[in-house]
Structure formats: structure tokens, C-alpha cells
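Let's take a friendly walk through a protein model, looking at charged pairs and then at the chain as a whole. Have a look at the picture below before reading on.

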Amino acid sequence: NNYIFATTLNPNQRDYNYILSMIFNDLGDKENALKYAKKGSDFAGHNDSYYYFLLGKILKSETDFEKAFKMAPTYPPILLEWGKMYLAEGNCGKALEKFDKYLKLVPDDWESNDSEQKRLFYKENPQFDEVFEYIKACK
């Protein structure tokens, strides 16, 4: 993998470590995902949220989610959880914005029963269907 090679050329590069972490996370390899996210977090001076999100720590504030989203803008669980935070606060406008961005990350053919992209997306995001209930709660 080019990112593994890139981390050997420049092991102190935060972004390569985060990208590699996301790749391993998408492959279901949590051990390596955490390993490279921790390296990225170490190089960022622990001033980030993506690593803590992978650890299952709760992101508690808008600032936490902004930092996590900046690190991993195409990682669907961040947007879903961010929307849920706004929903819990009663801010449906902002919740719906995050849920809309979440849905934009879904493969175009997600409604097809035989879609390989759908199968992979559901495997990585088993809570996907919940977003529709959250949207209904705002209407």
C-alpha cells in the first residue's frame, strides 16, 4: 500500500497516518486502525478527535466534532453522531444538516438489493437505517 510506504518515508507525517488508519478501519482491522490513528494523534500533539472517536470516546462538543470532521470528512459515523448530538439538544436544523451530509456519503445505489457498494457500506455502518428515524424525529 502506498500509504504504508509513505509512512516509512516520512513517519512523522500526521495525515498519512490518519489516512492509513481510516483504510484499516474500513477493512475492519481495528488494531492497525488504532495504531496509525495514535501515531497521527501523537504528531498532532493530541489536539484532535479522530483517534478518540476510534477509541469509542464520546465527542461532546461542536468543537470536538469539527476537529474530527476536519481529520476524516468522509467518515460517516462522525456526521451521524454529530447530528444526534444536535438532535439531543433540540436543534433540528443543525441535526438535519449533518444527517443530510451523512446521506451524501452513502453510495448512489444504496437502495438496490444486489449492490456490492451497499453491502460494504452497511457492513461498515450497521446503524445506517437509524438516520431515517432521526430525520423523522425532526419533522
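K104 counts as exposed because its relative accessibility is 63%; the cut-offs are over 50% for exposed, under 20% for buried and partly exposed in between, found with a 1.4 Å probe on protein chains only. Its salt-bridge partner is D100, with N and O 3.2 Å apart. D100 has a relative accessible area of 38%, so D100 is partly exposed. Both residues belong to helix α7 and sit 4 residues apart, about one turn of the helix.

Before going further, note that this is a predicted model: local features need pLDDT of at least 70, side-chain atom pairs count only at pLDDT 80 or more, and totals for chains, interfaces and linings use all residues. Residues are numbered from 1 along each chain as its sequence is written, and side-chain values use heavy atoms, with hydrogens and water left out.

What is a salt bridge here? A side-chain nitrogen of Lys or Arg must lie within 4 Å of a carboxyl oxygen of Asp or Glu. Side chains of opposite charge can pair when their charged atoms come close. The structure holds 5 salt bridges, including these:

| Salt bridge | N to O distance |
|---|---|
| K38 and D42 | 3.2 Å |
| K94 and E62 | 3.7 Å |
| D100 and K104 | 3.2 Å |

K38 and D42 are separated by about one helical turn, because they are 4 residues apart in helix α3 (residues 30-43). K38 is partly exposed at 36% relative accessible area, and D42 is partly exposed at 33%.

How many residues apart are K94 and E62? The salt bridge between K94 and E62 links distant parts of the chain, 32 residues apart, with K94 in helix α7 (residues 92-104) and E62 in helix α5 (residues 62-71). K94 is partly exposed at 32%, and E62 is partly exposed at 31%.

Both of these residues also touch Y86. Leaving aside neighbours within four places in sequence, Y86 is in contact (heavy atoms within 4.5 Å) with E62, N91, K94, A95 and K98. Is Y86 buried or exposed? Y86 counts as buried, because its relative accessibility is 3%. Y86 lies in helix α6 (residues 76-89).

Finally, the whole chain: the protein has 9 helices and 0 strands, where helices (H or I, at least four residues) and strands (E, at least two) are DSSP runs numbered from the N terminus. Buried residues make up 38% of its 139 residues.
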